[in-house]
Amino acid sequence: SPGSLLIAFLKWIGVMDGLLGMSVGMGAIFGMLGTYLFPLMHRRTATRDHFMSLEQIGMLSVWMWFFFLAPIAICTALREERWLHLPAIATGHLILFFVVTGRTWLWAFDLAENQLVVERVTETKDGKETVGQFMGVQRALTNLFTVVIYMLGLIFHRPDQFYILCYASVFFVLLAAAGYSIWFVRYGDARKYEERIPIYQVVNVKEDNNDEY
C-alpha cells in the first residue's frame, strides 16, 4: 500500500480520499496474490523438482517489481521536462495503479528471499548460528533505509519536489535488482553450494564414537 509520503502527495494533487483508502486494501489483496503465486512457481512437476527455483523466483520478482515502478519514473520525467502534457490527477492515478499492483512481485520476492535465508545461510565453522545474525542485520538495514526515506522527505518537502523522491525510489530498487542479479550469476545454482558435513564435524563424530568403545 502507498506510504505516508506518497499519500500526502496524492492528496495534494487531488486524488480522492476514498480512492486512497481503497488503495490500501487493494495493496493487501495484490500482496496476497504474490503469496498465492509463490507456491505455484515453486511447485514440483513431473519432470523436475521445482518449476522454478527460489533463486529464479527471486530474480523474476525483483525485476518485475522494478518494471512496475519504472513507468512512474518515466512518466514523471517526461512531465517534468514538459514532453508529456498529463494532468496532475492523471499522474497520481498512474502512480497509485503501479504501486498497488506491483506489490504482487514485492511480496513474492520477500517470500523467496526469506526462504533462501533459511536454506542457504548455515552455521559457521565454530558452530554458531548465523541465521539470526543475518536476519538482525537485514532488519537493521531495513530500518536504516526507512529513516533515509523520511530524511529525504524532510529535505525535499515541497510537493513540486516529489519527483526527486520518485527517482530515488526507482533507483534504489534498480540497485537492489542489479545486486541480486550479481549474486544470482555467482551463487544462483544451489547444486554447487549444497550443504555438506564439514571435515571438522566428521572428525568430532569419529572421536565421539571412539570414546564410546
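Helices here are DSSP runs of H or I at least four residues long, strands are DSSP runs of E at least two long, and both are numbered from the N terminus. This is a predicted model, in which local features need pLDDT of at least 70 and side-chain atom pairs count only at pLDDT 80 or more, while totals for chains, interfaces and linings use all residues. Residues are numbered from 1 along each chain as its sequence is written, and side-chain values use heavy atoms, with hydrogens and water left out.

**View 1**
Walk along the sequence and you get the pattern α-α-α-α-α-α-α-α. Of the 213 residues in the protein chain, 30% count as buried (buried is under 20% relative accessible area, exposed is over 50%, partly exposed is in between, using a 1.4 Å probe and protein chains only). Now for contacts, meaning heavy atoms within 4.5 Å. Take those with a separation of 6 or more: residues 24 or more positions apart account for 70% of them.

**View 1. Helix H3 packs against helix H4.**
Two packed helices are described by the angle between their axes and the distance between the axes. Each axis is a line fitted to C-alpha atoms, for helices over the stretch in contact, and the angle between N-to-C directions runs from 0 to 180 degrees. For H3 (residues 54–80) and H4 (residues 88–101), that angle is about 165 degrees and the axes are 8 Å apart. So H3 and H4 are roughly antiparallel (over 145 degrees; under 35 is roughly parallel, 65 to 115 roughly perpendicular, and the rest oblique). H3 passes H4 in a left-handed crossing, where the near helix is turned anticlockwise from the far one by less than a right angle (clockwise would be right-handed). Who does the touching? On the H3 side, look for Trp 65, Phe 68, Leu 69, Pro 71, Ile 72, Cys 75 and Arg 79. H4 brings Ala 88, Thr 91, Leu 94, Ile 95, Phe 98, Val 99 and Thr 101. Sorted by class, the contact has 11 nonpolar, 2 polar and 1 charged residues (nonpolar covers Ala, Val, Leu, Ile, Met, Phe, Trp, Tyr, Cys and Pro; charged covers Asp, Glu, Lys and Arg; the others, Gly among them, are polar).

**View 2. H3 also packs against helix H7 (residues 162–187).**
The angle between H3 and H7 is about 155 degrees, and their axes lie 9 Å apart. H3 and H7 are therefore roughly antiparallel, and their crossing is left-handed. The residues of this contact divide into 23 nonpolar, 4 polar and 2 charged.

Gly 58 counts as buried because its relative accessibility is 1%. Leaving aside neighbours within four places in sequence, Gly 58 is in contact with Phe 109, Ala 112 and Tyr 180. Its C-alpha atom is separated by 9.3 Å from that of Ser 181, 123 residues away along the chain. Thr 76 is buried too, with a relative accessible area of 8%. Not counting residues up to four places away in sequence, Thr 76 touches Tyr 163, Cys 166 and Tyr 167.

**View 3. Gly 102 sits in the loop between H4 and H5.**
Is Gly 102 buried or exposed? With a relative accessible area of 0%, Gly 102 is buried. Neighbours within four places aside, Gly 102 is in contact with Trp 65 and Phe 68. Gly 102 and Phe 30 are 72 residues apart in sequence, yet 7.7 Å apart in space, C-alpha to C-alpha.

**View 4. The model has 3 salt bridges.**
The rule: a side-chain nitrogen of Lys or Arg lies within 4 Å of a carboxyl oxygen of Asp or Glu.
- Arg 120 and Glu 55 meet at 2.5 Å, N to O. This pair links distant parts of the chain, with Arg 120 in helix H5 (residues 103–120) and Glu 55 in H3, 65 residues apart. Arg 120 is partly exposed at 24% relative accessibility, whereas Glu 55 is buried at 5%.
- Lys 11 pairs with Asp 17, their closest N and O atoms being 2.7 Å apart. Lys 11 is partly exposed at 42%, and Asp 17 is exposed at 52%.
- Asp 160 pairs with Arg 158, with 3.1 Å between the closest N and O atoms. Asp 160 is partly exposed at 43%, and so is Arg 158 at 41%.
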